[in-house]
Amino acid sequence: MAKINMVQALNASLHEAMDQDEKVLVMGEDVGINGGVFRVTDGLYDKFGRDRVIDSPIAESGILGTAIGMAMAGLRPVIEMQFSGFSYEMMHQLEGNASRMRNRSRGQFTVPLVVRMPYGGGVRALEHHSESKEAYYGHTAGVKVVIPSTPSNAGPLLRAAIDDPDPVIFMEPKRSYRSFKEVVSPEPYQIGRAEILKPGGDITIISWGAMMRDTLKAVEMIKANRDFSPEIIDLLTISPMDVRTIIESVKKTGRCVVVQEAQQSFGPASEIIALINDQALMYLEAPVKRVTMYDVVFPLFARENYYLPSKEKILRAITHTLDF
Amino acid sequence: MPLDIIETFQISRLSILNENGNVDRELEPDLPEGSLIKLYEAMSLSRMMDQRMLNLQRQGRLGTLPVCTGQEAAFCPPILALRDTDWFVGSYRELGARLMRGESLTNALMFYNGYEEGNVNPSNDRTLPVSIILGSQLAHAVGLAYASRLLGEKETIALAMFGDGSTSEGDFHEALNFAGVLNAPVVFLCQNNQFAISTPRQFQTRSETIAQKAIAYGIHGIQVDGNDALAVYLAAKEAVDRARAGGGPTLIEAVTFRMGMHTTADDPTRYRADEQVAAWENKDPLIRFNIYLSEKGIWDEEKQADLESRLKARIDKRVTEFEQGIEVKPDAPFDHVFAVPPESLEDQRRQFLADLEKEGIHG
């Protein structure tokens with residue numbers, strides 16, 4: 001089988017979902033004729049027509065608001081925020097309506113939709129094009145937050161998001177869009193489940209999104225000089241978090257490092273550490289360490305590589321925790 | 001010529017039944033007697049229930065209430081133009097419209113006593129719950145209407161209601177723009193009641209009318225006397241029929257007045273003069289509709305007295321029932337976060353129930 005990149009995997013998943021379920025509709029800025037600025041929606045317009053692949057006006061709140069109505073009427077809208085940095089325009093529709101309609105109406109109305117958005121740094125982009133703000137969405141009850149990391153898990157996770165009965169924020173690490181290819185198998189992925197990439201007994205290492213690759217590379221760098229057995233977890237779903245997988249792993253290894261691209265404070269890494277504190281503190285052999293961005297406004301690209309968590313920082317955090 | 005007029009626009013105002021009860025026979029809509037009486041009774045029920053809930057709130061027997069007295073002709077008549085299969089997307093100041101869509105008096109009592117359960121309309125699953133974030137519901141109406149067409153319902157439309165304050169929100173403009181671009185079968189009905197809490201209409205927008213904002217989005221716009229039930233009905237009916245037939249969206253500005261406070265937490269004497277309120281008392285939508293029906297020979301004092309006692313009994317019964325106690329599940333919020341609660345949420349629910357067992361319900 002041919003190897004494909006993440007964009008191709010996402011695109012294939014959208015084609016398949018629209019083929020198999022006529023309730024699936026795609027809407028966003030430049031998603032139709034242009035196929036999306038990253039080409040994730042390429043070919044959909046020609047195949048499914050303008051009624052189901054809508055080039056919308058440039059209005060993120062209008063896109064989500066309209067999609068909420070569509071979802072309540074029985075469609076399965078998959079909308080695109082062209083960059084996650086533009087998604088704050090739709091925040092009140094998410095917080096005020098999409099996330100709450102099920103609760104507000106005691107289940108009479110539900111909002112099964114997907115908000116896709118490329119996020120993250122490392123692509124030498126303009127301002128507002130590099131942030132990792134999964135914590136904003138994770139803090140909202142009634143919304144699921146999913147972040148794939150490879151071509152193999154991106155397609156099945158997107159399909160799971162489309163089939164999910166609740167709103168899903170689907171954040172695509174754009175640094176991983178075209179950076180590597182894989183042979184993908186049609187293995188299903190479940191929202192709410194983390195994946196143990198490598199079972200091990202010495203230390204639990206948790207990451208997600210584009211940092212997953214850097215984390216794996218850091219582990220290989222350490223392994224070149226040191227024999228150790230890490231248990232590496234790809235979180236995949238930020239919310240609701242797979243607490244059990246994390247806790248069971250930490251109980252087994254007694255050590256943990258969390259690697260997140262987002263800034264340090266109030267992020268998923270903080271939440272993971274709090275959960276470990278609640279449920280596995282007495283199993284720890286070392287303090288849980290986190291590798292994150294700093295609490296600064298994301299710098300323009302001339303400086304971004306100094307600020308993004310590097311392989312070397314991850315390496316030092318793992319070594320420090322092993323040696324503690 | 002370097003300077004040409006390339007387009008001109010105009011905005012109409014529709015008025016059929018004036019404040020003295022005189023009717024314009026040429027414009028008078030052809031409504032059967034039964035519908036006219038149904039409409040009058042619905043407007044009357046809305047007024048009586050609103051006033052009763054206001055009293056209950058003042059006695060500490062109800063939570064914060066947005067009062068809608070005086071606006072009955074703006075929000076009730078459009079419902080007559082709808083089918084049960086049409087979508088109704090309201091805001092929070094259209095009690096009578098919700099009752100006409102099948103909500104019970106108990107719905108209102110529950111909702112304004114702090115129970116989400118009051119938002120469930122058991123007899124119509126196309127009536128959306130109360131929407132409090134101003135203007136945010138308008139795009140939902142666009143999506144509902146568009147989706148219904150795509151799903152094969154060729155005649156379904158959506159009616160959305162909101163106030164003059166909402167027209168300053170970006171969501172209002174985005175929704176009208178989407179509706180125009182998608183040619184969605186939607187009717188936007190603005191209840192221009194002159195005030196957004198304390199802020200008068202002229203501080204919201206420099207536009208002469210709200211109706212003219214339709215022009216910018218290439219959709220139909222009309223202003224009506226919002227205290228004239230016949231004019232509001234006719235404008236709504238024309239807009240609904242046009243949307244049904246694929247003729248696109250309409251913005252209707254119904255000019256009315258909020259006779260009471262914004263909500264029971266508000267004191268309108270801080271920002272408006274008694275004389276202004278008194279002037280609008282003479283334009284009461286119920287009085288002029290009563291005159292209209294009486295002059296048609298289908299209403300009289302006896303019928304009025306009978307209606308008032310029937311409605312009062314109905315309201316009394318529901319209030320008594322409600323105050324005798326309702327059964328609700330304390331942990332219901334855990335049921336409605338997701339279709340299936342994740343394991344971690346079920347853990348929190350167990351903790352909540354255990355805490356409740358220990359501490360009891362707090363005052």
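Predicted model: local features only at pLDDT ≥ 70, side-chain atom pairs only at ≥ 80, totals over all residues.

Mentor: Among contacts in chain A between residues at least 6 apart in sequence, 81% join residues at least 24 apart.

Trainee: What is the radius of gyration of chain A, and why does it count as being as compact as a globular protein of that length?

Mentor: Chain A has 12 helices and 12 strands, and along its principal axes its C-alpha trace spans about 60 × 45 × 40 Å. For 324 residues the globule rule gives 20 Å, and the value for chain A is close to that, so the chain is as compact as a globular protein of that length. The radius of gyration of chain A is 20 Å.

Trainee: What percentage of the residues of chain A count as buried?

Mentor: A residue is called buried here if 20 or more other C-beta atoms lie within 10 Å of its own. With that cut-off applied to the 324 residues of chain A, the share that counts as buried is 56%.

Trainee: Which helices of chain B do the buried residues of α12(B) pack against?

Mentor: Helix α12 of chain B covers residues 285-295, and its buried residues include B:Pro285, B:Arg288, B:Phe289, B:Tyr292 and B:Leu293. Just after this helix, B:Gly297 takes a positive phi of about 85 degrees. The buried residues of α12(B) pack against α1, α2 and α10 of chain B.

Trainee: Which helix supplies the largest share of the side of chain B that touches chain A?

Mentor: Across the interface, 36 residues of chain B are in contact with 36 residues of chain A. On the chain B side, α6 (137-150), α7 (170-182) and α15 (343-359) each supply at least two residues, and the residues of that side divide into 21 nonpolar, nine polar and six charged. The largest share, 10 residues, comes from α6(B).

Trainee: How many Å separate the centres of domain 1 and domain 2 of chain B?

Mentor: The domain assignment of chain B gives domain 1 as 13-328 and domain 2 as 330-363. Taken over C-alpha atoms, the centres of these two domains are separated by 37 Å.

Definitions and conventions. Residues numbered from 1 in each chain as written. Chains lettered and ligands numbered in written order. Contact = placed C-beta atoms within 7 Å. Helix = DSSP H or I, 4+ residues; strand = E, 2+ residues; numbered from the N terminus. Nonpolar A, V, L, I, M, F, W, Y, C, P; charged D, E, K, R; others polar. Domains from an automatic or database assignment. Rg over C-alpha atoms; globule rule 2.2 N^0.38 Å. Buried ≥ 20, exposed ≤ 12 C-beta atoms within 10 Å, placed from the backbone.
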